[in-house]
Structure formats: structure tokens, C-alpha cells
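We will go stop by stop.

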Amino acid sequence: FGKCKLILIYDYSISNFGYKRSIHRDSDSRLIVMLLYLNTLEKNVEGGSLEIYSSEEMQKYPPFLRNEKSLKVKEIKPVAGKLVMFLNTSNAYHAVSKMSHSDFGRHFIYGGFTMNSSFRSLALEFSNGKSPTEYHIYK
């Protein structure tokens, strides 16, 4: 991506009882976000869906968004084999609805193509705040 190297960062995750994520965009250096669902949730599960949000027109977008400044435009239910990918721009807001009543959890691979620098970041282009990339290396 220009002169920045792209690094594929991913992990295997399980989300269980009470898991949720508030409305946010991903880290400044992340260029493409992807989720691959590995299982379909049981019929009695509530929540656990990826929610895509739009925000009212702003000159600058914060990394996190309050509910009163957002409009849910899409809800994507976890289904085994479903791959979701999107550009991480300054207003690529998404969340996960609170999950309950699951015996097995939501199994997924989360990741994305991440630049080795936030220089020329699409997430920072119209942002009024920073969201750094966290790296966790497990052996």
C-alpha cells in the first residue's frame, strides 16, 4: 500500500455469554477488516450479530461512537463459512450485539491487513482521535 508494508494479523476467537462490542472503528493502521464465522449460533441465542452503523454527517469522526449519533444500517448474523470484509475508514463503524443463551459460543477468525505505520491511514483521514493497534504475541 504505497510504501507501507501490509501485514496480515489474525486470531481465532470465541465469544460467549455477555460478549458485546460498542460502536467503534478498528485501529488506525488497519486497512481491511475481516471476520470469518466458523459456526452458526444455536436457535435460542440472542445477539452476537455484527452491526454496521452510519453516523450523522461530521467533519471529523471519533474512533468510538455514541448510540445517539448513530444509525444501524445492517445486521449480519454469524453463519458458518460466512466471510465479512470491509475497508477500515474513519467512519467504518461497527459493533457486536450482546450475546446470551449460547452453549457453544461464537467461533470466528478475526483479522485484517494492517500497515506497519499509520502514515496514509484511511482511518485517520477524517478522524478526530487515534485508535492504536495492539499487538499480542503468544507462544
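How many salt bridges does the structure hold? There are 5 salt bridges, a salt bridge being a side-chain nitrogen of Lys or Arg within 4 Å of a carboxyl oxygen of Asp or Glu. Before you look for them, note that this is a predicted model, in which local features need pLDDT of at least 70 and side-chain atom pairs count only at pLDDT 80 or more, while totals for chains, interfaces and linings use all residues. Residues are numbered from 1 along each chain as its sequence is written, and side-chain values use heavy atoms, with hydrogens and water left out.

**Stop 1: salt bridges**

Select Lys72 and Glu51, whose side chains form a salt bridge at 3.4 Å, N to O. Lys72 belongs to strand S5 (residues 70-76) and Glu51 to strand S4 (residues 50-55), so this pair ties together parts that are 21 residues apart in sequence. Strands here are DSSP runs (E, at least two residues), numbered from the N terminus. Glu51 is buried at 8% relative accessibility, whereas Lys72 is partly exposed at 40%; buried means under 20% relative accessible area, exposed over 50%, and partly exposed in between (1.4 Å probe, protein chains only).

Through shared partners, salt bridges join Glu51, Lys72, Glu75 and Lys77 into one network. Lys77 counts as exposed, at 51%.

Next, pick Asp26 and Arg30, a salt bridge with its closest N and O atoms 3.6 Å apart. Both of these residues are buried.

**Stop 2: the open sheet**

Switch to a cartoon view and find the open sheet of 4 strands, ordered S1-S8-S3-S6 with antiparallel pairing. Strands pair if DSSP finds at least two bridges between them. Strands S1 (6-15) and S6 (83-87) are at the edges with a single partner strand each, so one side of each has no neighbour in the sheet.

Zoom in on S1 and S8 (residues 106-115), which run antiparallel and are joined by 10 bridges. Here Ile9 stands opposite Gly112 in S8.

**Stop 3: a loop residue**

Is Ser90 buried or exposed? Select Ser90 in the loop between S6 and strand S7 (94-96): Ser90 is buried, with a relative accessible area of 2%. Leaving aside neighbours within four places in sequence, the residues in contact with Ser90 (heavy atoms within 4.5 Å) include Arg25, Tyr61, Leu122 and Phe126.
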